[in-house]
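Biologist: Please take a close look at the side-chain contacts in this model, and give the cut-offs as you go.

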Amino acid sequence: MRDGALLAIRDLRVRFHTLEGSFYAVDGVDWHVERRETLGLVGESGCGKSVTALSVLRLLPPRTTEIQGQILFEGINLLELDTEQLRRIRGNSVSMIFQEPMTSLNPVFTVGEQIAETIRLHQGLTPKEAWDQAVEMLRLVQIPSPEARAKDYPHQLSGGMRQRAMIAMALSCHPQLLLADEPTTALDVTIQAQIMDLMLRLREEMHTSIVLISHNLGLIAEMARRVVVMYAGKVVEEAPVRELFHDPLHPYTRGLLGSVPWIGRKQTTGRRRLQEIPGIVPGLMEMPSGCRFHPRCPEAKEVCRREPPPTIHRDDGRRVLCWLWA
Ligand code: SF4
């Protein structure tokens, strides 16, 4: 992990306390994102991607969640900040967008009021200045007639427009880091492409770093420079995007890529069939012994069932959590 990263997560462990007991949803996770970089975070649902992102802004319910490790933003451990210090960082330096815009947008205020309020709170502008800036943000995310749309309530906008409005709100304070959790999953393909173009453009214009969380490998291939693959609460592989897609090291990454038609180009010619990864991600209460992927892994050996694999750091900067490379 490089010093000077914008965000560095170190040995993050997130434990949920439930009626059935306490379980780690994220277990010893390390990754970082550089300034102006887009990092892709991939894995199936339930692998701990969203829990990791929510931990960064401490958005998990504190009564039932325990977070250990370090989350260093510009060298400051966010886990040690008090509520007021954290509020200054949320939405100001670090913003988050979700799959469902209504998670962030309040149905009883107009879109313009909500964006203006965020701007006013964080930048100390007058209500009129904040409103004008909110309209500008809607224009920036290419909402037509932004002056009129700013006076609409969220339910009056289409799904794509709401997503743009949420992005406008998330970017209204020019955050240094944007955590985007499945930002386009609920949208149709054309709108998805427009939203991703928009985020790329904003990254260039505002120099925002992006952590893009998605199970959509096509999206990750287009957007990210580096990719972290998570499985069952652990990072199983990290690599630059090109290397990961051309030469995946971990059997889970190979399984993910093998189940996507466009990536295996030979598959589209009919020479290879798509391969699904058998089974499902284990629940928190039923983590397998040894390597957590072993019940689904076509290359599992005896040691995999017995011992957790080590993380192998390769000379080319890649890392993989697997006995095959030990
Ligand atoms: Fe498969 Fe063993 Fe590697 Fe786990 S450690 S991914 S079971 S080969």
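Modeller: A salt bridge is counted when a side-chain nitrogen of Lys or Arg comes within 4 Å of a carboxyl oxygen of Asp or Glu. The model is predicted, so local features need pLDDT of at least 70 and side-chain atom pairs count only at pLDDT 80 or more, while totals for chains, interfaces and linings use all residues. Residues are numbered from 1 along each chain as its sequence is written, and side-chain values use heavy atoms, with hydrogens and water left out.

By the salt-bridge rule the count is 24. One of them joins aspartate 27 to lysine 234, with 3.9 Å between the closest N and O atoms. Aspartate 27 is part of strand E2 (residues 21-33) and lysine 234 is part of strand E10, so this pair ties together parts that are 207 residues apart in sequence. Aspartate 27 counts as buried at 10% relative accessibility, and lysine 234 as partly exposed at 25%. The classes are buried under 20% relative accessible area, exposed over 50%, and partly exposed in between (1.4 Å probe, protein chains only).

A second salt bridge is local: arginine 139 meets glutamate 136 at 3.1 Å, N to O. Both residues belong to helix H4 (residues 127-140), three residues apart, or about one turn of the helix. Glutamate 136 is partly exposed, with a relative accessible area of 41%, and arginine 139 is partly exposed too, with 38%.

Arginine 318 and aspartate 247 form another salt bridge, at 3.9 Å from N to O. Here arginine 318 lies in the loop between E11 and E12, and aspartate 247 in the loop between helix H9 (241-246) and helix H10 (251-258), so the pair connects parts 71 residues apart in sequence. Arginine 318 is buried, with a relative accessible area of 2%, whereas aspartate 247 is partly exposed at 42%.

Now the rings. Those of Phe, Tyr and Trp (its six-membered ring) pair if their centres lie within 6.5 Å; planes under 30 degrees apart are stacked, over 60 edge-to-face, and the rest tilted. This gives three aromatic pairs. The rings of tyrosine 231 and tyrosine 252 have centres 4.6 Å apart and planes at 55 degrees, so the pair is tilted. Tyrosine 231 sits in strand E9 (residues 226-231) and tyrosine 252 in helix H10, so the contact ties together parts 21 residues apart in sequence. Tyrosine 231 is buried at 2% relative accessibility, and tyrosine 252 is buried at 0%. Tyrosine 252 and phenylalanine 293 have ring centres 5.2 Å apart and planes at 70 degrees, so that pair is edge-to-face. Phenylalanine 293 lies in the loop between helix H11 (265-268) and helix H12 (302-306), 41 residues from tyrosine 252, and is buried as well. Tyr231, Tyr252 and Phe293 form one aromatic cluster.

Methods. Helices (H or I, at least four residues) and strands (E, at least two) are DSSP runs, numbered from the N terminus.
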